[in-house]
Amino acid sequence: MATKGEMVRALAQRFDLNPNKVDAMTRAMARAGLRTPGGRGRAAADMTGEDIFHLTLALAHGLETKDAPEAVRELSQLRLVRGNLFLDGHIQWEANCDAGGESKLLDVLNRLPVAGLELNLTFGAFCGHWLEEGFNGADEWFNSAPVSVEVSSNGPHAVFSHRSDKGSLKLWFGDAAKDLKTPEWERRTILSDKLFRRLSQLARSGVS
């Protein structure tokens, strides 16, 4: 996994930002408990997938350092509310967590061919864990299938999508996802499959 310095340098390059600005951002995250505390040199701590995802959310949204911790915390803590899996035009599985569907959702995700992939019921924890394990399974077709992550100011809410020959998996996070209405305006941030894979490389090996 990447150290704090490696994470800062990689994401500064990825978003074409001054590394000092990114370093200030991640220090603000650490003070807010949104990043693993890290030492220096040999004492430098490894950053988790969730650490990397939190910093990415702040940078992708173009947040100011002073505003980033509160905004990222709100997004990271969005709860999983529903999900479904489509294959060949048919619903293979669907769940509503507010209707007691958490155990069914856990069972289905555990059947997906991703070694070590676990279910996390909050947006930040789920995406952070996927960065560490989601592309690390034995199934080549599953690993090569595209991922997309979309975050909307409407609610806010977030949607995680993964499409493979095993089916099209989609998970919704945030209370607003249960009954979204068309707003007068909406800001959306999309993390592409290419970016998500770069982040995954950083989370697993420190190389992006």
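How many helices and strands does the secondary structure of the protein chain come to? The chain has eight helices and six strands, taken as DSSP runs (H or I of at least four residues for helices, E of at least two for strands) and numbered from the N terminus. The model is predicted, and local features need pLDDT of at least 70, side-chain atom pairs count only at pLDDT 80 or more, and totals for chains, interfaces and linings use all residues. Residues are numbered from 1 along each chain as its sequence is written, and side-chain values use heavy atoms, with hydrogens and water left out.

From the N terminus, the order of elements is α-α-α-α-β-β-α-α-α-β-β-β-β-α. Of the 208 residues, 45% are buried (under 20% relative accessible area, 1.4 Å probe, protein chains only). The accessible surface of the protein chain is about 10,600 Å², and carbon and sulfur atoms hold 45% of that surface; the areas come from the Shrake-Rupley method with a 1.4 Å probe. Among contacts (heavy atoms within 4.5 Å) with a separation of 6 or more, 62% join residues 24 or more positions apart.

Two packed helices are described by the angle between their axes and the distance between the axes. Axes are lines fitted to C-alpha atoms, for helices over the stretch in contact, and angles run from 0 to 180 degrees between N-to-C directions. Helix H3 (residues 49-60) packs against helix H4 (residues 68-76) at about 120°, with the axes 9 Å apart. H3 and H4 are therefore oblique to each other, a class left after roughly parallel (under 35 degrees), roughly antiparallel (over 145) and roughly perpendicular (65 to 115). The crossing of H3 with H4 is right-handed, that is, the near helix is turned clockwise from the far one by less than a right angle. Glu50, His54, Leu57 and Ala58 of H3 make the contact with Ala68, Val72, Leu75 and Ser76 of H4. By class, these comprise five nonpolar, two polar and one charged residues.

Ala58, in helix H3, counts as buried because its relative accessibility is 0%. Beyond four places in sequence, Ala58 touches Met25, Met29, Leu63, Ala68 and Val72. The C-alpha atoms of Ala58 and Ala68 are 5.7 Å apart, at a sequence separation of 10 residues.

H3 also packs with helix H8 (residues 193-205), where the axes come within 9 Å and cross at roughly 140°. This makes H3 oblique to H8, and the crossing is right-handed. Gly49, Ile52, Phe53 and Thr56 of H3 meet Leu195, Phe196, Leu199, Leu202 and Ala203 of H8. The contact of H3 with H8 has seven nonpolar, two polar and no charged residues.

Notes:
Ala, Val, Leu, Ile, Met, Phe, Trp, Tyr, Cys and Pro count as nonpolar, Asp, Glu, Lys and Arg as charged, and the others, Gly among them, as polar. Buried means under 20% relative accessible area, exposed over 50%, partly exposed in between (1.4 Å probe, protein chains only).
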